[in-house]
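Colleague: I have a model open and would like to talk through it. Could we begin with a single residue and then turn to the whole chain?

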Amino acid sequence: MKIAILTSGGDSAGMNAVVRATVKAGILKGCETWVVREGYEGLVRGNTGDQPKPISDTPQVAEGVDTSLIDNLRFGDGDLLKNGLGDYSGSQGRSLKGRYIVRVGWDDVRAWVGEGGTLIGSARSATFRTHEGRLAAAHNMIKEGIDALVVCGGDGSLTGADVFRAEWPGLVTELVNLSKINETQAATYAHLKIVGLVGSIDNDMSMTDLTIGAPTALHRICEAIDNINSTAFSHSRAFVLEVMGRHCGWLALLAGISGGADFIFIPERPPNADPWEDEMCDQIRRHREVGKRTTIVIVAEGAHDKALNPIRAEHVKDVLSDRLGLDTRVTTLGHTQRGGKPCAFDRILPTLQGLEAVDALLEATPETPSYMIGLQENKITRVPLMDAVAMTKAVSKAIEEKDFDKAMSLRDPEFRESLAGFTATSTLYQEKVLPPDQRMRVAIMHIGAPAGGMNAATRAAARFCFRQGHTPFAIHNGFRGLLEDNIDELSWLGVDTWMAKGGSELGTNRALPSIDLGAVAAKFQEYSFHGLLMIGGFEAFSALLVLEEGRKYYPAFHIPMVHLPATISNNVPMTEYSLGSDTSLNALVDACDAIKQSASASRNRVFVVETQGGKCGYIAAMGALAAGASLIYTPEHGITLDTLRRDVRYMKARYNLDSKGKSEGRLVIKNEAASNVYTTDVITKILKEEGGDLFDSRSASLGHTLQGGIPSPMDRARAVRLSLKCMSFIEKEHQKLLGQHPKTRHASPDSAAVIVIQSSSLKWVPVQEMVQHADMKNRRGLTPWWIGIKNLVEELAGRPQLVKLHEGDLL
């Protein structure tokens, strides 16, 4: 099969990662791989004139050696694409002028994973929308022998792809009648295989939780909000931010949550009040009356009122200035939201989706529909492309018809939950939801190592309490702080700035309640706690287990108790995601980008990068995938002498195959506990010794830098969502206990639970059930979902193929 990939419509971070993954996966599956420059316009233009010969600078290989990867290593145009020299005739006389469908090899897309935008170009083609344009595109594809197409773009691009496939048989017949192709070609290319991936910063495609580029755009917005907040605080100013989102308010909504905004305007749910100015001013006035010094209002570019009259940032500014007397400024972020290098998730998601796209093409038949590769929670999915496009268009139609309830119902559940979460955490309610006899005293505690999102989760839990009428108590410094009465009542304004704060504002340590279980129970009774929220890692899970077992002896523990996983190690059993792990991955990727730049400048240097993670290799594995590492060592797989011997052989083969004078700096990611014998220092010295004149080796330990920094928007948004679910769970379980006699209340085992993300859903797992899935000795789950990532990383580096090459195989 010959696979071509194009990027179309507006660019988005992560598109290059898609191209890289598709090319490498195609080669690994035995396919020829091509890129189409300038989107559909490139298909229409095709290739004209003489084609330059592929550059062949790889060594000859001994007879009998597998050359499938070496034969597809590079074809000479990778540097032209990456460096923007496509239309420039260099010293070698190579140019991409007149060539829009270009064959690429393994090394032609190297180091693309961290590049922003799209290196193969994108365009909105008016010609492709015509029948004549699609006929020319079909002809150009058949001339090059291409029978499969991967399209990365928005709903318009994917609609064009499906129309192209539906018309294909007719286009082939027409080309035969015009004598542009022969009957043999018509029979060979009778069917076109197409798969779509959604590249859109707006996250506006239905039937997928995230689109490629949306997380990075959210990063850009939150960086701006965090910066604006400091100057707004200094002058007690209001700022109105306009963000992208013509038909979808995802960016405005998630930025509102992650940035701690006071008010947002999104297309799907305009303000209820008429005029809307009253609703906004009433809310912001209450915030200012309790002493809030900053005001942030976020306006999606497609925002409107219930009558579909546009809401503009400038008008919002005038309202805030005139009616509330606030010194107000407007900031329009514009195309800065599209730019810059992709965040960690916008490298991982496109890579996994690109691999799935190739599998979908290989499994496609004339009867199967064109698929769109999507995401549900943590699971890569395939859905019929046109079903997703139809639902996406239905949202726009519902908005046009002013049926906003329908528009919201067509968005994914997480979108609806996020809007409810924003309302719950941004509104200062004057009246409490629950009557006094149903209100609780809720204890909130951080346990274990600090992780990004802990403070955001605490803020959300506290704000939930204020709305419902509960009293939130902060227990500082974990169970030791509890025993020392280091407890205070949280306030609505006191937690206002916590959303963007890293670390732990409550203080945290690894002490378990078993240090003095009876004294802990006494403190629970003294403060009359009705519920407990513990935010932390494996220690919090262990603490919950101790408390649940302590119910046999201490009635004070017969209250709802919840663990919200928060640890950079992501080692809590049964959950695929923990707060802090995304922040840590981004810190790791930023560090690896800088290290790889240094390594590449030296041309022939390998860096062994040591990460944290304890006995869990999640950060190392996912970080290696996002950073484009060559090798990875984790505790789950361990390190043996034979492994190191094979890795040295691979590294030698890889450097021998590099273009002369253009060797690439390479990364080896090692978890801190991967081996007690083969330490980072030992591995570095082995690589340095064995590398000889081929490559040098250095090491870098990232240490506690992976725990610090500003939490990522994803960690903040998920912290709010999961924290609110935890509080609702505590409230529900408390209601059950209220039906029992106060002196004989008995909480069920299910009321001591952990909230987990599994594949495509959120679940509550009783802590006793969690134990069955835990490796208590190594402090991790028994069956990590990501365990196959190590092999995937090394496949994308070519290790399985090149490790078979011995000295003497390259002539």
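Colleague: Is Asp496 buried or exposed?
Modeller: This is a predicted model. In it, Asp496 has a relative accessible area of 10%, and the cut-off for buried is under 20%, so Asp496 is buried.

Colleague: Where in the chain does Asp496 lie?
Modeller: Asp496 sits in a loop, with strand E14 (487-489) on one side and helix H17 (517-526) on the other.

Colleague: And which residues does Asp496 touch?
Modeller: Leaving aside residues up to four places away in sequence, Asp496 touches Lys292, Arg459 and Arg463.

Colleague: With which side chain does the side chain of Asp496 make a polar contact?
Modeller: With that of Arg463, at 2.9 Å.

Colleague: What share of the residues is buried?
Modeller: Buried residues account for 60% of the 811. As for the accessible surface, the total is about 30,200 Å², and carbon and sulfur atoms contribute 48% of that.

Colleague: How many positive and negative side chains are there?
Modeller: There are 89 positive and 96 negative side chains, and the centres of the two sets lie 2 Å apart.

Note on methods: Residues are numbered from 1 along each chain as its sequence is written. This is a predicted model: local features need pLDDT of at least 70, side-chain atom pairs count only at pLDDT 80 or more; totals for chains, interfaces and linings use all residues. Side-chain values use heavy atoms; hydrogens and water are left out. Buried means under 20% relative accessible area, exposed over 50%, partly exposed in between (1.4 Å probe, protein chains only). Accessible areas come from the Shrake-Rupley method with a 1.4 Å probe; for residues, only the protein chains shown count as cover. Lys and Arg count as positive and Asp and Glu as negative; His and the chain ends are not counted. The place of a charge is taken as NZ of Lys, CZ of Arg, CG of Asp or CD of Glu. Helices (H or I, at least four residues) and strands (E, at least two) are DSSP runs, numbered from the N terminus. A polar contact is a pair of N or O atoms within 3.5 Å; within protein, one must be able to donate a hydrogen and the other to accept it, and residues adjacent in sequence count only if both atoms are side-chain atoms. Contact means heavy atoms within 4.5 Å.
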